[in-house]
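Q: I would like to learn how to read the features of a protein model, one at a time. Could we go through one together?

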Amino acid sequence: TLAGFAFAKLRFRGRNALLVMVVATQAVPQELGVVPLYMMMNELGWAGEIHAVIVPGLITAFGVFFMRQYLERAIPGELLEAGRMDGCSTLRLFWHVVIPAARPGAAVLGLFTFMQAWNDFFWPLVVLSPENPTVQTALNSLASGYTTDYTIVLTGATLATLPVLVVFLVFGRQLVSGLMQGAVKG
């Protein structure tokens, strides 16, 4: 949200070029960054721990671009100017004006980010040990025996969808209001 706010509402030299570079990173396949990212996680001592799965997915180029597009339309420039006239610093404007206005967009982005992290298979397979798997890698190990017991695999798949449903129920109202805000002209 902070990076999206900077790209949407702050004027600085090289803003458009930097945004183009951020968006261009989406064209680079994730597999190209696995070795350097694993080396970084190993240096931090996070290899084999769940931190190595969570932290790299927190800030993405998609998230920065999504929040930039959302905040560009959700916050009028006059509102920020009024806050500046009242003596607010940029950080205080972000905290008191932008964050409340960005709540529906942040809920949508949070749901997208959670879904991407929850369904990720490749990176957890690389960075985590077999004794500490994620749900997707555990489901793979259930289905990779000589014979596959489909009742266990389908039970695991059913249980794997429960957290996704809980997250949707928690963020559902924010998700619908965020989607409807973009759908209604006004």
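Q: Leaving aside neighbours within four places in sequence, which residues is D120 in contact with?

A: Please keep in mind that this is a predicted model. Once the neighbours within four places in sequence are set aside, D120 is in contact with Q30 and Q136. D120 itself sits in the loop between helix 7 and helix 8 (122-127).

Q: Is D120 buried or exposed?

A: A residue is called buried when its relative accessible area is under 20%. D120 has a value of 17%, so D120 counts as buried.

Q: Where does Q136 lie, and what does Q136 touch beyond its neighbours in sequence?

A: Q136 belongs to helix 9, and, with residues within four places left out, Q136 is in contact with W118, N119, D120 and F121. Q136 is buried too, with a relative accessible area of 17%. For a view along the chain, take D120 and V135, which are 15 residues apart in sequence and whose C-alpha atoms are separated by 9.5 Å.

Q: What should I look for in a nonpolar core, and which residues touch the most other members of the largest one?

A: The general idea is to look for buried nonpolar residues joined through their side-chain atoms. The largest such core here has 13 residues, and F5, M67, L71, I75, L80 and V98 touch the most other members. Helix 1 (2-9), helix 5 (61-74) and helix 7 (90-119) each give two or more residues to this core, and the largest share, six residues, comes from helix 7. As a case to follow by eye, F5 touches L10, L71, L80, T90, F94 and V98, not counting residues up to four places away in sequence. A second, separate core of seven residues includes V34, M41, V53 and W123.

Q: How many salt bridges does a search of the whole structure find, and why can R68 and E72 be described as about one helical turn apart?

A: The search finds two. In one of them, the side chains of R68 and E72 meet at 3.9 Å, N to O. These two residues are four apart in helix 5, and therefore about one helical turn separates them. R68 is buried, at 15% relative accessible area, whereas E72 is partly exposed, at 32%.

Q: Which residue forms a salt bridge with R84?

A: The partner is E81, and the closest N and O atoms are 3.7 Å apart. Both residues lie in helix 6 (residues 77-85), three residues apart, which is about one turn of the helix. R84, at 31% relative accessibility, is partly exposed, and E81 is partly exposed with a relative accessible area of 44%.

Terms used:
Residues numbered from 1 in each chain as written. Predicted model: local features only at pLDDT ≥ 70, side-chain atom pairs only at ≥ 80, totals over all residues. Heavy atoms only, no water. Core = buried A, V, L, I, M, F, W, Y, C linked by side-chain atoms within 4.5 Å. Buried < 20%, exposed > 50% of the residue type's maximum accessible area, 1.4 Å probe, protein only. Contact = heavy atoms within 4.5 Å. Salt bridge = Lys/Arg side-chain N within 4 Å of Asp/Glu carboxyl O.
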